[in-house]
Amino acid sequence: MDLNYSEEELAFRDEVREFLASELPSSLAEKVKTGKRLVKEDMESWHAIMNKRGWLAESWPVEYGGTGWNAVQQQIFDDESCAAGAPRTVPFGLKMLAPVLMKYGSEEQKRTYLPRILDGSDWWCQGYSEPGAGSDLASLKTNAVRDGDHYVVNGQKTWTTLGQYANMIFCLVRTSNEGKRQEGISFLLIDMKTPGITVRPIVLLEGSREVNEVFFDDVRVPVGNLVGEENKGWTYAKYLLTHERTNIANVGANKVSLAHLKYIAENQKVRGRPLIEDPIFAARLAQIEIDLDAMATTNLRLLSSPDSVANAGPMSSMLKIKGTEIRQALNDLTRRALGPYAMPFVSEALETGYNEEPIGPDYAAPVSQEYFNNRKITIYGGSNEIQRSIITKMMMGL
Amino acid sequence: MDFNHTEDRIMLKDMVARFIADNYGLEERNKVAASAEGFSRDVWGQFAELGLIGALFSEEDGGFGGAGFDIAILFEELGRGLVVEPFVASGILGGTMLSLLGNDSQKALIADIIAGTHTVALAHGEPTSHYDLSHVETSAVPDGEGWIVNGSKAVVLNGDSADSLIVTVRVSGNTWDEDGLSAFLLPATTEGLEIRGYPTIDGLHACEVSLNNVRLGAETLLGDSGKAYPAIEMATARANVALSSEAIGLMEVCRDMTIEYLQTRKQFGVAIGKFQALQHRMATVLTEIEQARSSVINAAGRLDLDRVEREKAVSSAKVLAGRIGRLVAEEAIQMHGGIAMTWEYGLAHFAKRLVMIDHQFGDVDYHTARYVSLSRQAA
């Protein structure tokens, strides 16, 4: 047991710091740190910078153009990137589809799509959830019927994050109604420009437009776009959901969120003294910090354990639960730290180039909308209740 | 970074586990716990022969361990076995005080502690000190070359059976000052010591100590007069790593018993583990135990860092051991139902110890406040 970074790990951290210092545009870092809304160009520019350095695909094997980093290296990179204000890379192609293609895709699919994920030619979005298939994903109804060399797809997907920017979507579709529901699902890659696809934005509770509904009306998809075998898509879907574990606890982002909360609590005043000195507030803050410090170790411990692959299910579920609960606790306490100034909401203040005087402290504008927006994190990616069911199912055989 | 234990520590862990499996059944444990001293001198001697007491001391002190991870790995297994022998009192608290403050002749006692032939208890807490480490009212006034000591010490772990006591006293300053504390090493038979021993609800033994005009010679002073606080803090830190680790072992026993019960107990025609209400509670228990384990690793690994980092990590571990220990104990009892309420079923003995760990050397609230104050010192 050794909690200290090795010489090599320290050298790696320095290398990451140098990269971020020289390549992360300060304007972009400023936007991230002040909670401004990122636009498509922001995400694309960071994607390109990371790709140029060869660090975009941190969890991919080297043979596909990944970094081959181990768990500790990935965590160092995550910590440093978050601390520097780097945006998160868009995960749908890089972290969700790519592992599925590597394991189950045809040689041609790998050759075609993996490089296009790296160079940014394709922006993928995820077609899993449907209006009637949320936590019960296997009840999905969007169907694909074989017609010669094509599947004809009809139905509707929802909660499609950043679908408005995407040119490609990976979809779970029903190809059979025989037998168990899970055994009639296939995994299809669909070009968003295909006739018959309509994307409609969903406005979220705090006014943001990050998710969409996607409608399919006789959409013709070449059979070559089927991943793996027909009716085996559920296996691939589950693999996708448990594979990307490295960042599921969001340790780096949680640390930044904690540091920001402390900064706010030092600047907010109660009876002339900093809020952080208020004993009740300080105790709440300490308990979150203690939990986060333990989770950082839980994260590394579980990810670097030799049997981590076998335990992927319950482990990633535990990390998802803990990571999201801590984040929501941070968002909640940050909102409360602002007092009445949690209320003013000038949506334009979150856009780049807004030059009006802030209402209240300059850090107040994004806080409440982030709190409300992050109610999603215990719902998406398998709600935390679904995660709890997975944990008991896998650890208790029930 | 490396999250694997060394070969030596894994061997130690396996050895303790085997000894407990072969010799330390719950029925036997409860019988020993109910005996006059609250533990078995015979078993204590066997633990000593296995080198388990020595694992808590550095090579310099005649042991072969003493690091945070030695404490952690040993106490986790002691927790699984619900061991009542005085590892914390004599091995950690007494041993650390002697190691940090003793002169050569006083330190000679460490060999006897390691051999299991002599036990020491630390009489520090007082009836009104709650968990505050600097709160000492017991007074020592100079008397020729020595001192005369008066005062009371509260809930002294294994003090009723100890061969020697280490008593902390105030020689200067006010009740809550860190400066002005001295420690004395004295035989339990010293005149003027009144010891009232009793069992605790979790199967241990402790005592109340009254010191009535106790005359102590100059040779009984441990370390420099008035400068004992840092050693008291360090001994307590090591005890808290031990207790937090013990809590992990206890949590795992509660967890395993509950999982088995959920799988086998049938109601409404199915195993009760089929009910989502129970599954989700169990999932929370499983997840939180991993958090507690991580905080113990952090504390054990940071025991050699500078004071503020060390104490923050120790308080973190104790906060989570307290919060999660209570969660695991209460949930295990609730999910079992009535059977867990019985003496015979066994779970209750682990649950009781788990909850009482929060009452030793600072509870969740105390260590949360302490963490806040340490954070401020660091800023």
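Me: Why is α8(B) called largely enclosed by the rest of the structure?

Reply: In this predicted model, 23 of the 26 residues of α8(B) are buried, so the helix is largely enclosed by the rest of the structure. A residue counts as buried if 20 or more other C-beta atoms lie within 10 Å of its own.

Me: How do you know that the length of α8(B) is close to the expected one?

Reply: From its first C-alpha to its last, α8(B) reaches 38 Å. For its 26 residues, 38 Å is expected at 1.5 Å a residue.

Me: What makes α8(B) and α9(B) roughly antiparallel?

Reply: Helix α8 (residues 276-301) of chain B packs against helix α9 (residues 307-336) of chain B at an angle of about 155 degrees. Angles over 145 degrees count as roughly antiparallel, so α8(B) is roughly antiparallel to α9(B). The axes of α8(B) and α9(B) are 9 Å apart, and their crossing is left-handed.

Me: Which residues of α8(B) and α9(B) meet, and of what kinds are the residues of this contact?

Reply: Among those from α8(B) are B:Leu278, B:Met282, B:Val285 and B:Ile289. The α9(B) side includes B:Leu320, B:Ile324, B:Leu327 and B:Val328. The residues of the contact of α8(B) with α9(B) divide into 16 nonpolar, 4 polar and 3 charged.

Me: Why is α7(B) also called roughly antiparallel to α8(B)?

Reply: The angle between helix α7 (residues 229-264) of chain B and α8(B) is about 160 degrees, with the axes 10 Å apart. The cut-off is over 145 degrees, so α7(B) is roughly antiparallel to α8(B). The crossing of α7(B) and α8(B) is left-handed.

Me: What makes up the contact of α7(B) with α8(B)?

Reply: Residues of α7(B) in this contact include B:Ile248, B:Met251 and B:Leu262. From α8(B), B:Leu286, B:Ala292 and B:Val296 are among them. By kind, the residues of the contact of α7(B) with α8(B) are 14 nonpolar, 3 polar and 2 charged.

Me: How do you know that chain A and chain B touch, and how many residues are in contact?

Reply: Two residues are in contact if their C-beta atoms lie within 7 Å. By that test, 33 residues of chain A are in contact with 36 residues of chain B. On the side of chain A that touches chain B, α9 (279-303), α10 (312-337) and α12 (384-396) of chain A each give two or more residues. With 13 residues, α9(A) gives the most to that side. The residues of that side of chain A divide into 17 nonpolar, 8 polar and 8 charged.

Note on methods
Residues numbered from 1 in each chain as written. Chains lettered and ligands numbered in written order. Predicted model: local features only at pLDDT ≥ 70, side-chain atom pairs only at ≥ 80, totals over all residues. Helix = DSSP H or I, 4+ residues; strand = E, 2+ residues; numbered from the N terminus. Nonpolar A, V, L, I, M, F, W, Y, C, P; charged D, E, K, R; others polar. Axes fitted to C-alpha atoms, helices over the stretch in contact; angles between N-to-C directions. Parallel < 35°, antiparallel > 145°, perpendicular 65-115°, else oblique. Left-handed = near helix turned anticlockwise from the far one by under 90°. Expected span 1.5 Å × (residues − 1). Buried ≥ 20, exposed ≤ 12 C-beta atoms within 10 Å, placed from the backbone.
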